[in-house]
Amino acid sequence: MNTYTYIKFPYKNTAVAVETASYQSHTIIPKHTHAFQEFVMITKGACMHQFRGIEMPLIAGDVFLIPSHQPHSYVMNSQIHFINCYFYPEQLGPDWTSLIQETLPCTSPSDHMEELRSQWASLLADMDPDPGSQQVQQFEREKAHLQGVIHLNPKEKNRIENLLMEIEEEQSTRQFGSEYIKASLLQVILVNIKRAQMRQPQTVFPKNSKRRELIEQALTYMDEHFCDPLDISMLSHESGLSESYFRMLFKDVTGLTPLEYMTRLRIIKSLEFMQRDGVTIRQAAEMVGIYDPNYFSRMFKKVMGYPPSYFKKI
């Protein structure tokens, strides 16, 4: 029996739509799924994302693709801003066919359509292939982590955010060819995400669910002991792996090193303590096991993009 709800496509007569959303701290979006694909970009704030059996801390600059019929949920750790792009890749064809027929009537659209479908299939398979397909084994050997999260640098983030806003503008004006423009912009976005993915270090591992389970157990331990010193030696020993292999496998599963993951987790928890319990910045730092205020402030700004004092003010 399903314990989640299906969400309908929020717009009519379109295959691509953009929607911005803001949520307050502690907001919970229960587990849900949808028949369309969803591209998500976090522009401000932080949250915990439950997807594919892992709860992952996400921050501004993170992007990820939710395939169709894949349940996921959120818990907001601060005031947060999302940009969601919903789309049906299989429904983009007719809009292209119509435009080609109107602008190039002497050209057969079939060849153009096959090329378009091939391009979409390649982009989406690279980002998140069907878990049951043969491609997924190659994907898991060579590419991203279990949740498929890619962290963009500021230049990449601004470029993709601007492209998403262009889609939203086309969506609101609904001028001639808007569906064509939106589909093209989405394709440019996916290409840019693919480039960002390619620049990030990739590890190479065969598919092994048992070892992934060991990393998930380590994640659970870290989530429950975020205020304790990070002991990689102990975690790798408990997992039955060498320390170097544990580090590489951890990066393969989460996309982050153990230290990067723990730093994210501590910063997000400290933000929660400040906003929920009203503690001081120093107290919040100590509650997550960081006793150097200057180091805490530097790490906080690196993760959140703003110093902790900014969030205390709001």
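Two strands are taken as paired if DSSP finds at least two bridges between them. Helices (H or I, at least four residues) and strands (E, at least two) are DSSP runs, numbered from the N terminus. The model is predicted, so that local features need pLDDT of at least 70 and side-chain atom pairs count only at pLDDT 80 or more, while totals for chains, interfaces and linings use all residues. Residues are numbered from 1 along each chain as its sequence is written, and side-chain values use heavy atoms, with hydrogens and water left out.

Confidence is given as pLDDT, the predictor's confidence in each residue, from 0 to 100. The protein chain has an average pLDDT of 78, and 77% of the residues score at least 70. Over residues 102–113 pLDDT stays under 50, and the model has 11 contacts beyond four places in sequence for them; contact means heavy atoms within 4.5 Å. Residues 129–145 also have pLDDT below 50, with 36 contacts in the model beyond near neighbours in sequence.

Strands β1 and β3 (residues 28–34) run parallel and are joined by 3 bridges; the bridge partner of Ile7 in β3 is His34. Axes are lines fitted to C-alpha atoms, for helices over the stretch in contact, and angles run from 0 to 180 degrees between N-to-C directions.

A further open sheet, also of 5 strands, has the order β2-β9-β4-β7-β10 with antiparallel pairing. Its edge strands, β2 (16–23) and β10 (150–151), each pair on one side only. Strand β4 (residues 37–44) runs antiparallel to strand β7 (residues 62–66), and 4 bridges join them. Within this pairing, Val40 has Phe64 of β7 as its bridge partner. Helix α4 (residues 154–173) packs on the sheet and touches β2, β4, β9 (80–87) and β10, its direction making about 115° with that of β2.

Two packed helices are described by the angle between their axes and the distance between the axes. For α9 and helix α11 (residues 293–304), the angle is about 100° and the axes are 10 Å apart. That makes α9 roughly perpendicular to α11 (angles under 35 degrees count as roughly parallel, over 145 as roughly antiparallel, 65 to 115 as roughly perpendicular and the rest as oblique). The contact is formed by Thr263, Arg264, Ile267, Ser270, Leu271 and Met274 of α9 with Phe296, Met299, Phe300, Val303 and Met304 of α11. These residues divide into 8 nonpolar, 2 polar and 1 charged; Ala, Val, Leu, Ile, Met, Phe, Trp, Tyr, Cys and Pro count as nonpolar, Asp, Glu, Lys and Arg as charged, and the others, Gly among them, as polar. The axes of helix α7 (residues 232–239) and helix α8 (residues 243–254) cross at roughly 90° and come within 9 Å. Their contact has 3 nonpolar, 3 polar and 2 charged residues.
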